[in-house]
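Please look through the model below.

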Amino acid sequence: MFIIPKEKEVPLGCVTPAPIGEQPMMITGNWREYRPVIDREKCDLCLNCMVFCPDACWHLDEAEEAVVWNAKYCKGCSICVNECSTDALSKAYELDFEDGVVRLEKPF
Ligand code: SF4
Ligand code: SF4
């Protein structure tokens, strides 16, 4: 099992906790113009994306030993892309995806 290194632990109160269940007033995924796309071959689980995302949209799946993205609350700020230590994250135009957010017509 992957253990979060001590230096990556963030004391409670420094980040917005991941939404638990549905939070209709907090859905920011439909703001997104670009989404972060992960190249899992390059990801070394540094956890910078998890630490730096202001909306707690990355979490560590310990069983799978992989970081998992939450599309519903990712507003596409690209902070995670900039902070990724191995360039495993890149930004891709949202509307190039089949399930891409279509603002207004399809809020999410
Ligand atoms: S693009 Fe911004 S909101 Fe989305 S996962 Fe990355 S840091 Fe979080
Ligand atoms: S910041 Fe990049 S390398 Fe680090 S865990 Fe996230 S995707 Fe993987």
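**A walk through the predicted model**

T28 counts as buried, at 11% relative accessibility; buried means under 20% relative accessible area, exposed over 50% and partly exposed in between, with a 1.4 Å probe and protein chains only. T28 is found in the segment before strand 1. Not counting residues up to four places away in sequence, T28 touches D55, K72, Y73, C74 and K75, where contact means heavy atoms within 4.5 Å. Helices (H or I, at least four residues) and strands (E, at least two) are DSSP runs, numbered from the N terminus.

This is a predicted model, in which local features need pLDDT of at least 70 and side-chain atom pairs count only at pLDDT 80 or more, while totals for chains, interfaces and linings use all residues. Residues are numbered from 1 along each chain as its sequence is written, chains are lettered from A and ligands numbered from 1 in the order in which they are written, and side-chain values use heavy atoms, with hydrogens and water left out.

The largest nonpolar core has 16 residues, and those with the most contacts inside it are C49, W58, L60, V67, C80 and L89. Such a core is a set of buried Ala, Val, Leu, Ile, Met, Phe, Trp, Tyr and Cys residues joined through side-chain atoms within 4.5 Å. Strand 2 (58-61) and helix 2 (79-83) are the elements that give two or more residues to this core. V67, leaving aside its neighbours within four places in sequence, is in contact with I38, R40, C43, L45, L47, C49, W58, H59 and L60.

V67 is also part of the shell of ligand 2, together with I38, C43, D44, L45, C46, L47, N48, C49, C84, T86 and L89; a residue is near a molecule if one of its heavy atoms lies within 4 Å of it. This shell divides into nine nonpolar, two polar and one charged residue, where Ala, Val, Leu, Ile, Met, Phe, Trp, Tyr, Cys and Pro count as nonpolar, Asp, Glu, Lys and Arg as charged, and the others, Gly among them, as polar. Ligand 1 is surrounded by C53, P54, C57, W58, W69, C74, K75, G76, C77, S78, I79 and C80, and its shell likewise has nine nonpolar, two polar and one charged residue.

In a regular strand the side chains alternate between the two faces of the sheet. Strand 2 has W58 and L60 on a covered face, and H59 and D61 on an uncovered one. Four bridges join strand 2 to strand 3 (residues 66-69), and the two run antiparallel; strands pair if DSSP finds at least two bridges between them.

Most residues other than glycine have a negative phi. L45 has a positive phi of about 60 degrees; L45 is found in the loop between strand 1 (34-38) and helix 1 (48-52) and is buried, with a relative accessible area of 12%. A56 has a positive phi of about 50 degrees and is found in the loop between helix 1 and strand 2.

A search of the whole structure finds one aromatic pair. Y34 and Y93 form this pair, which is tilted, at 5.7 Å centre to centre and 55 degrees between the planes. Y34 lies in strand 1 and Y93 in strand 4 (residues 89-93), so the pair ties together parts that are 59 residues apart in sequence. Rings of Phe, Tyr and Trp (its six-membered ring) pair if their centres lie within 6.5 Å, with planes under 30 degrees apart counted as stacked, over 60 as edge-to-face and the rest as tilted. Y34 is partly exposed, with a relative accessible area of 30%, and Y93 is partly exposed, at 34%.
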